[in-house]
Amino acid sequence: MSDLAILGSILAAMFAAATPLLFAALGELVVEKSGVLNLGVEGMMLVGAVCGFAVTVQTGSATTGLVVAALAGAATSSLFALLTLFLLANQVATGLALTLFGVGLSALIGQGFVGIPLEGLPKLNIPGLTDLPVVGQALFGQDILVYLAIAAVPLVHLFLYHSRAGLVLRAVGENHTAAHALGYKVLRIRFLAVLFGGAMAGLGGAFLSMDYTPMWAENMTSGRGWIALALVVFATWKPARVMLGAWLFGGVTILQLHVQGMGVEVPSQLLSMLPYLATVLVLVLISRDVARIRLNAPASLGKLFHPDA
Amino acid sequence: MNRRTMGKTMLGLAGAAVALSSGIPLAMADDKLKVGFVYVGPISDHGYSYQHDQGRLAVEKALGDKVTTTFVENVPEGADAERVIEQLASSGHKLIFTTSFGFMNPTLKVAKRHPDVKFEHATGYKRAENVATYSGRFYEARTVVGAICGKMTKSNIIGYVGSYPIPEVVGGINAFTLALREQNPKAEVRVVWVNSWYDPGKEAEAAKALIDQGADIIVQHTDSPAPIQTAQERGLWAVGQSSDMTRFGPKSHLTAIVEDWNGYYVDRVKAVLDGSWKPIDTWGGMSTGMVELAPYNPAIPEDVVKLAEQIKGEIVTGKRHSFQGPVKDQSGKVVIPEGKTATDEQILKMDWYVEGVQGKVPK
């Protein structure tokens, strides 16, 4: 294969590898902007992955599977919302517990679905465009979820920064007491944000189990939920930077595999580290302005809110 | 949901303590021999731990009237393992199989405290009065697979998805490559390490990268069927690992290297029953049935199947060794001279590639 063709396939693989991270991180970004820290992303992804897979196997409809995956992720997150928003449990501890819970629950649901193969989602194919050299496969040969994840970036940005609802959500995240005093329903807004985060994590998980590697295996997210969480922070809560970070992470992951395959003499352990190093480094560098980080970080992040307090 | 599944789902993260309270039945007052099994993964992995559990089931089937078995799955390697093994030992189990490399030191520690309990540790190298070790010569099957790939490849590039650069995996790559090039001297092997035993996403990415670089057969030494799926998607061949993975790629699955512990487990339990058990080291190859191949894909031409069967037969009868001299390393230096075969120690410590493998072994 020519070098250009390899470059094209690296690009195409990069977008796919970034997709689960992008879904989960965008969801978590909205959650955190509302002032809630949900560390249960990994757990919600797994529940979404197993539910989407199971329903697709049972009904034969990938669309139904995706809808159920999003609903399942949201349902899992509602447990978190119930505990932290209404029962005022500690968010960090509850989020960690949600991950443990999600790992266990998904394994339980998935028991009957291990070892069942599934067809992946169909890929886009526009004659002429998909066959373009280098960029054809990357831009016009992906499946619907890859495009959906990318489309979600401007949508989340528009919502947060150019809509009234987004302004209210950010206000709640900055200062819940003031927002409450103004008459905004802090808990309801946060509840909706948490549900959105759960649904997005569910979709990210479903991308893995229904498309990327169409099968169910326990713990198949392999830590991608945690990477998504880190992306949000390192991208200083900016949707476009989250996308950049996800692409970078995906791209370097794929690139290092190619470097190994070409027999370049760099220790593979070091190469395996590279995606983490490169992503953290780049995101820290582009957002190294401390004042701006403070500006972007939701001031009430992780703080409990009680209407009477 | 029964108590076992409760234990199972919690165990992976919440640690062994949870499983101990829910997963292991209390000591029963009967005179059957109690045999315990400790697995590193879930038995539903359809791979490594699944195959060990098949062995446990074979013991139950063969000797069910004389033994009862218990298993604990998803046991993390390290300190938690010691608690699980200790619990099994102190709850009346007289023979305990610890089935992962990382259980080595915990097994020995517990064995010291329970001299009346016999232990069997898989893939380790430390033994004691009451600790035996066992493993399979999986490289033998890789010799057969290498010959098949040598005949099947058209691009003369084989992609190899590796887990960790440990001697077992490096030795497997070498055995594969030697047999590959015996059939097809122009063929070469490209290795990508994913630094994980089980990460479907990463294994698929590695397989894709290798395919994009021209590989038309993917061989894996990782445990998920993702590389098989990737090969099927691209219309290429692949070789499975640990268990038969045909259903994940009926059109891509050439065969798979299958670990079969059934015979060994039944034999060892029998040995304890009749008092002949000794703390020996068993390293069984294809002749013992410990290492097997999954059924060949029907699309493999008849002469290739015949060749594979012939090589398998030669290995079983001892006529052929996977590392038959002269074997040269990448620099062209003869490591195993003509007329000699690699010693077990050489195989167990293999940290160099033979000619025909691209790149260097990560150190």
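User: Which residues touch the most other members of the largest nonpolar core, and what makes it a nonpolar core?

Analyst: Ala25(A), Val38(B) and Ile218(B) touch the most other members, out of 197 residues in that core. The label goes to a set of buried Ala, Val, Leu, Ile, Met, Phe, Trp, Tyr and Cys residues joined through C-beta atoms within 7 Å. Buried here requires 20 or more other C-beta atoms within 10 Å of the residue's own, with C-beta atoms placed from the backbone (12 or fewer is exposed, in between is partly exposed). Helix H1 of chain A is the top contributor, giving 17 residues.

Before going on: this is a predicted model, where local features need pLDDT of at least 70 and side-chain atom pairs count only at pLDDT 80 or more, while totals for chains, interfaces and linings use all residues. Residues are numbered from 1 along each chain as its sequence is written, and chains are lettered from A and ligands numbered from 1 in the order in which they are written.

User: Why is this core said to lie between domain 1 and domain 2 of chain B?

Analyst: Both domain 1 (3-136) and domain 2 (138-258 + 291-348) of chain B give residues to the core, so it lies between them. Those bounds come from an automatic or database domain assignment. The C-alpha centres of the two domains are 31 Å apart. In direct contact are 7 residues of domain 1 and 5 residues of domain 2, where contact means C-beta atoms, placed from the backbone, within 7 Å. Helix H3 (residues 48-63) of chain B supplies the largest share of the domain 1 side, 3 residues.

User: What is Ile218(B) in contact with, leaving aside its neighbours within four places in sequence?

Analyst: Its partners include Gly159(B), Val161(B), Ala207(B), Leu210(B), Pro227(B) and Leu236(B).

User: Why is chain B called as compact as a globular protein of its length?

Analyst: Set the value against the rule, which is 2.2 Å times the number of residues to the power 0.38, with the radius of gyration taken over C-alpha atoms. For 363 residues the rule gives 21 Å and chain B has 21 Å, so the description holds. Its C-alpha trace spans about 65 × 45 × 40 Å along the principal axes, and 54% of its residues count as buried.

User: What about chain A, and what does its fold consist of?

Analyst: Chain A has 13 helices and 0 strands, whereas chain B has 12 helices and 14 strands. These are DSSP runs numbered from the N terminus: H or I of at least four residues for helices, E of at least two for strands. Chain A's radius of gyration is 20 Å, close to the 19 Å from the rule for 309 residues, so chain A too is as compact as a globular protein of that length. Buried residues make up 53% of chain A.

User: How do you know which part of chain A gives the most to the side that touches chain B?

Analyst: The contact takes 38 residues from chain A and 39 from chain B. Helix H11 (239-261) is among the chain A elements giving two or more residues, and H11(A) gives the most, with 6 residues. By class, the chain A side has 20 nonpolar, 16 polar and 2 charged residues. Nonpolar covers Ala, Val, Leu, Ile, Met, Phe, Trp, Tyr, Cys and Pro; charged covers Asp, Glu, Lys and Arg; the others, Gly among them, are polar.

Conventions: Contact = placed C-beta atoms within 7 Å.
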